Amino acid sequence: MDLNRSLKEYFGYDGFKEGQKKLIEGILVGRDVLGIMPTGGGKSLCYQLPAAMLEGITLVISPLISLMKDQIDSLHEVGIEAAFINSTLSNREILDITEDIKRNRYRLLYVAPERLRTPMFTQLLNGLQVDMVAIDEAHCISQWGHDFRPSYLEIPRFIKGLKRRPVVSAFTATATREIVKEIKKLIGLREPVEVTTGFDRPNLYYSVVKKGDKFAYLLEYLRNNFQNESGIIYCATRKTVESLVLKLQGKGIDAVGYHGGMDVDERQSNQDDFIFERKRIIVATNAFGMGIDKPDVRFVIHYDMPKNMEAYYQEAGRAGRDGNPSDCILMYSPADVVKQKLIIQNENLSAEREEIFYRNLQILVNFCHTSDCLRGKILTYFGEEPESSNCRNCSNCLDESAPVDITLEAQKVLSCIYRAEQRYGINTIIEILRGSRNKKILEAGLDKLSTYGLMKEYSSHYVREIMMHLVAEGYIHVTTDQYPILKLPQRAREILKGETKIFYKGHLGGREEGHLKESHIFGENEEQEIDIALFEKLKALRYKIASEKNLPAYVIFHEAALKDMATYYPQKKEEFLKIKGVGEAKLESYGEVFLQEILAYCEENHIDAQDHRKEKKQVAAAEKGAGEGERYKQTYQYYLQGLSLKEIADKRGFTVNTIINHLYRSAEAGEQVDWSRFIGDSYREGMILEVIERLGTEKLKPIKEALPEDVSYEDIRILLCKYQLG
């Protein structure tokens, strides 16, 4: 049983991601398995590949219908027979699928957990060879998790009702250590093979934004970032979704809404418009997204704060599943906390569960007020030790402002809580410190405290920021109930006695977001010499095929596969099969049409693919072991000799695009580069810069299309380098 061969045959990959092989091998030798893997980590392949190799059928229990359809479309494209049974099907369709199941047509059958309650369904499966039950989003079985679904409690009863116990595999992206224990216990996993591959998503940029006018910030972000890419905007309530969609549409932003209260057909239509790239942005409640396989979501914005860290991590994790740089923006305001508490109060929870919800909400509030690395806070929450205190890819780590000493202000705040006998919440403490003449303050005699009016010259927002920072740093404890009270833990004495200083990194008075990142001029892999013009042609071809088949474009090929094609120019079927993501079924379905497009392009542009690949190998061999800085240095030396970009490219054996990248990195390191030298015409330069400023810098194609034909992609890249380096 050759796993690597099967992986390539079906899915077109040459190797496994971390943890996948161990889980798959466990399944194939009959062991239960538990995989804790981040979104984009390849959980679904861990049960899809063994399902294709096992004799019997694999039952996949999944919480959302949208996931079922998406995965089954993808499985059909790679030559694996699969089906689903859910409420979207007619009785006739269910009967037809049932007959096909009895004839052993399918390798995988997807169902929602509610289906397990049906005695006829158990009877159907008991007449089959069920080799595996795969449980997706396994955290839903835990009532302490962020997305508890009572129907998941049917799973262990259902498994016990089968004549022969199959292998049981469980997968999730979001689970603390406590929830992992509960998953194993409730499902009844038997000495499972366990794999936790880590919760870090290095390609995701995390940012917390505090703005008085959220909508103004949102508009600015959408107009300056990923203008032609997909994004999700999450809101806490249906009402906010509907009003935000109308406001965005009124500003010319291509957005649709999604929430549980919508008509089923409208909701499905809006989701399809987003997945099929007919609409760029979807505004949704947390009802949207679980199991959505769209890999090229470039940003996830939380317009309202979610209910806890697990929900935030899972929802933010829908960005950048393809591994490309993507943004996760969390917009915070104190009103969000009030909104989430109202939601908790209306859920009719037990007292114990309500306390847990309040505690988990406070953890996320602390996350919004910390000055520490945001990525580190996420990893620590899930029990993982961050490798560094500075990830260089979150708003806190990119904030280069000097820390402000707030020790004196902190002493005033802590002293006030102490003088008020630790009996009040944050608003009352703020009113005391600012000398409020509020009737309740006066009637309670709080104006007699020595700390009354001690911070009257500060705004309430300023005082609140300091207090929330003290909470985040553990110097104030907030009780976990509906009306939280501020308490002083033992360590507060360190500040009160002057033994410890405390600093705040940011802008007191409301931290302003000042770290919108630079555009990615060269894509996710700067040394991959992608032919942009060919890449755009292949994307257009993919979209045409996907539209004809009524499938999402990424089901045909992921962008990574198109980039490989536009780098290596495959000419024959054997070469096409070496492209990442191309298996036997996709070669059969799409090989000829994509090869024709590549061959025509190479002929039109006089590209010898064999010579191109030979040069790449020679350069790679010559420079093996050379450091990154050394490669840039060699290129810069040729630049100093006055050579053109083409001449440098010929000498170095790279494309012109890679030479531009080398010079860009040299300029970043402090070397002087005269970019205008490569354009040679001030009018031409001004024309390109005008289009760049008008259209933004996220995508090259719209810029190229807005300029005369004789302006090349290289010309645009040169001006982008100059534009971004100042």
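The dialogue below takes up salt bridges, then a charged patch, then cysteines.

Q: How many salt bridges does a search of the whole structure find?

A: This is a predicted model. The search of the whole structure gives 33 salt bridges.

Q: Which side chain does K8 meet in a salt bridge?

A: K8 pairs with D14, at 3.8 Å from N to O. The cut-off for a salt bridge is 4 Å, so this pair counts as one. K8 is buried, because its relative accessibility is 16% and buried means under 20%. D14 is exposed, with a relative accessible area of 57%.

Q: Where in the chain do E194 and K184 lie?

A: The side chains of E194 and K184 form a salt bridge of 2.8 Å, N to O. This pair links distant parts of the chain, with E194 in strand 7 (residues 193-196) and K184 in helix 8 (residues 177-187), 10 residues apart. E194 is partly exposed at 37% relative accessible area, and K184 is partly exposed at 26%.

Q: Which helix holds E548 and K544?

A: Both are in helix 21 (residues 532-549), 4 residues apart, which is about one turn of the helix. E548 is exposed, with 58% relative accessible area, whereas K544, at 49%, counts as partly exposed.

Q: Which residues are linked in a network of salt bridges?

A: One such network links E81, D100, R103 and R105.

Q: Which residues gather in a patch of negative charge on the surface?

A: A patch takes residues with over 30% relative accessible area and no salt bridge. Here E242, D263, D265 and E266 form a surface patch of negative charge. E242 belongs to helix 10 (residues 238-250). Its relative accessibility is 45%, so E242 counts as partly exposed.

Q: How many disulfides does the structure hold?

A: The idea is to look for two cysteine sulfur atoms within 2.5 Å. The structure holds 0 disulfides. C140 is in no disulfide, and the nearest cysteine sulfur, that of C46, is 18 Å away. C140 is buried, with a relative accessible area of 0%.

Q: Which cysteine sulfur is nearest to that of C397, and how many Å away is it?

A: The nearest cysteine sulfur is that of C394, 3.6 Å away. The cut-off is 2.5 Å, so C397 is in no disulfide. C397 counts as buried, at 6% relative accessibility.

Terms used:
Residues are numbered from 1 along each chain as its sequence is written. This is a predicted model: local features need pLDDT of at least 70, side-chain atom pairs count only at pLDDT 80 or more; totals for chains, interfaces and linings use all residues. Side-chain values use heavy atoms; hydrogens and water are left out. Patches are made of residues with over 30% relative accessible area and no salt bridge: like charges are joined within 9 Å, nonpolar side chains (Val, Leu, Ile, Met, Phe, Trp, Tyr) within 5 Å. Accessible areas come from the Shrake-Rupley method with a 1.4 Å probe; for residues, only the protein chains shown count as cover. Lys and Arg count as positive and Asp and Glu as negative; His and the chain ends are not counted. The place of a charge is taken as NZ of Lys, CZ of Arg, CG of Asp or CD of Glu. Helices (H or I, at least four residues) and strands (E, at least two) are DSSP runs, numbered from the N terminus. Buried means under 20% relative accessible area, exposed over 50%, partly exposed in between (1.4 Å probe, protein chains only).
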